[in-house]
Amino acid sequence: VQLQASGGGLVQAGGSLRLSCAASGSIFSTNAMGWYRQAPGKERELVAVSTSGDSTNYADSVKGRFTISRDNAKNTVYLQMNSLKPEDTAVYYCNQQITTSWFGAFSNYWGQGTLVTVSS
């Protein structure tokens, strides 16, 4: 299983970006899908998560600005980021909990990271 993230880039404060993360390989089922980020000198933090039951949770710092969504048929998770701030600058990593068989346990898979830079 591989995750491919895309959509990062340079944007001015107040702008928008949409991140995508598509999983490929031998996928039987997917549970939670999420986005994390790591800013320079800081630990990786949860940004948003979407559960298999379609509930979502967000970090307080992005509530009202970011929206996570998923397309289970495409094994893809998205992160729509609006009203971006310089403090949103970080490498964004996607995560999907995937099992490759009906009897297997779910494992965490990570994308390669995509850089988001917000200029002031």
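Predicted model: local features only at pLDDT ≥ 70, side-chain atom pairs only at ≥ 80, totals over all residues.
Beyond its neighbours within four places in sequence, T89 is in contact with A39, V116, T117 and V118. T89 itself lies in the loop between β8 (76-81) and β9 (90-99).

Follow the chain to V116. It sits 27 residues away from T89 along the chain, yet the C-alpha atoms of T89 and V116 are separated by 5.4 Å.

Now look at the side chain of T89. One of its polar atoms lies 2.9 Å from the backbone oxygen of P86. The T89 side chain also reaches the backbone nitrogen of V118, at 2.9 Å. Both P86 and V118 are therefore polar contacts of T89, because these N or O pairs fall within 3.5 Å.

Is T89 buried, partly exposed or exposed? Its relative accessibility is 22%, so T89 counts as partly exposed. The cut-off matters here: buried means under 20%.

T114 has a relative accessibility of 10%, so it counts as buried.

Which residues surround T114, leaving aside its neighbours within four places in sequence? T114 is in contact with A5, S6, G7 and G8, with L19, and with A90, V91 and Y92. One of these residues, G8, also pairs with T114 through a polar atom. The backbone nitrogen of G8 lies 3.1 Å from a polar atom of the T114 side chain.

T89 is a loop residue and partly exposed. The side chain of T89 reaches a backbone nitrogen at V118, and that of T114 has a polar atom 3.1 Å from the backbone nitrogen of G8.

Definitions and conventions: Residues numbered from 1 in each chain as written. Heavy atoms only, no water. Buried < 20%, exposed > 50% of the residue type's maximum accessible area, 1.4 Å probe, protein only. Polar contact = N/O pair within 3.5 Å; in protein donor to acceptor, adjacent residues only side chain to side chain. Contact = heavy atoms within 4.5 Å. Helix = DSSP H or I, 4+ residues; strand = E, 2+ residues; numbered from the N terminus.
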